Amino acid sequence: MQDKKKSRGPEISLLAPVWVIGSYDQAGKPDMMAAAWGGVCCSQPPCVTVSLRKATYSYHNILNRKAFTVNIPGRQYIRETDYFGIASGRDADKLAVAGLTPVKGGHVDAPYLKEFPMAVECKLLQHVELGMHTMFIGEIMDVKAEEASIASQDALPGMVIFDPLRRCYYGMGKNLGKAFSIGQELAGKPR
């Protein structure tokens, strides 16, 4: 059987979570930045990564404060999330323009967004220069989540992903099955 996939060469074509990264600048002003190059990188200790360009305001904020938050936007905040990726905290008070509320993190020196359904407070463990981007590795110190955002078994009601090929945002869909369970039949084990 012939494979119908065509080679596209080296390109970024993976769907990525849309996160809003929170940090404080040197003067203590809260800043938010949309980022899509990130993910879970370790389970013990629990850690995430986010990759930013040196040119961003958040890059320097994170290095100076040794902390950041990962804010998971709901679909209803996609316009504000996109704005956080367009404007720079150097030139605008993005939170005032977006009309969203920063909250001082309880475990790290970084703000999170009151209106978003989930926020993850991270202590900077290390950063790795990768070329155009720097990967920040943050140890998760606390997760704050609205009950409704984690209670649903049917779908992730508001989570957003980014498609770099089409340069579009998409909402997450319905639950397809229980992890570490739906493949048991293929493994020859009873369900």
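**Cores and ring pairs**

Start at Ile62. Leaving aside its neighbours within four places in sequence, Ile62 is in contact (heavy atoms within 4.5 Å) with Ile21, Ser23, Leu52, Ala67, Phe68, Leu124 and Phe136. This is a predicted model: local features need pLDDT of at least 70, side-chain atom pairs count only at pLDDT 80 or more, and totals for chains, interfaces and linings use all residues. Residues are numbered from 1 along each chain as its sequence is written, and side-chain values use heavy atoms, with hydrogens and water left out.

Now the nonpolar cores. A nonpolar core is a set of buried Ala, Val, Leu, Ile, Met, Phe, Trp, Tyr and Cys residues joined through side-chain atoms within 4.5 Å. Buried means under 20% relative accessible area (1.4 Å probe, protein chains only). The largest core has 19 residues. Ile62 is among those with the most contacts inside it, and so are Val50 and Val70. Another core lies apart from it, with 10 residues, including Val20, Tyr77, Ala98 and Phe116.

Next, the rings. Rings of Phe, Tyr and Trp (its six-membered ring) pair if their centres lie within 6.5 Å; planes under 30 degrees apart are stacked, over 60 edge-to-face, and the rest tilted. The whole structure holds 5 aromatic pairs. Tyr77 and Phe116 form a tilted one, 5.4 Å centre to centre with 35 degrees between the planes. These two residues sit 39 residues apart, and their pair links distant parts of the chain. Tyr77 is buried at 17% relative accessible area, and Phe116 is buried at 3%. Tyr83 and Phe84 are also tilted, at 6.3 Å and 50 degrees. Ring pairs join Trp37, Phe162 and Tyr169 into a cluster.

How values were computed:
Helices (H or I, at least four residues) and strands (E, at least two) are DSSP runs, numbered from the N terminus. Buried means under 20% relative accessible area, exposed over 50%, partly exposed in between (1.4 Å probe, protein chains only).
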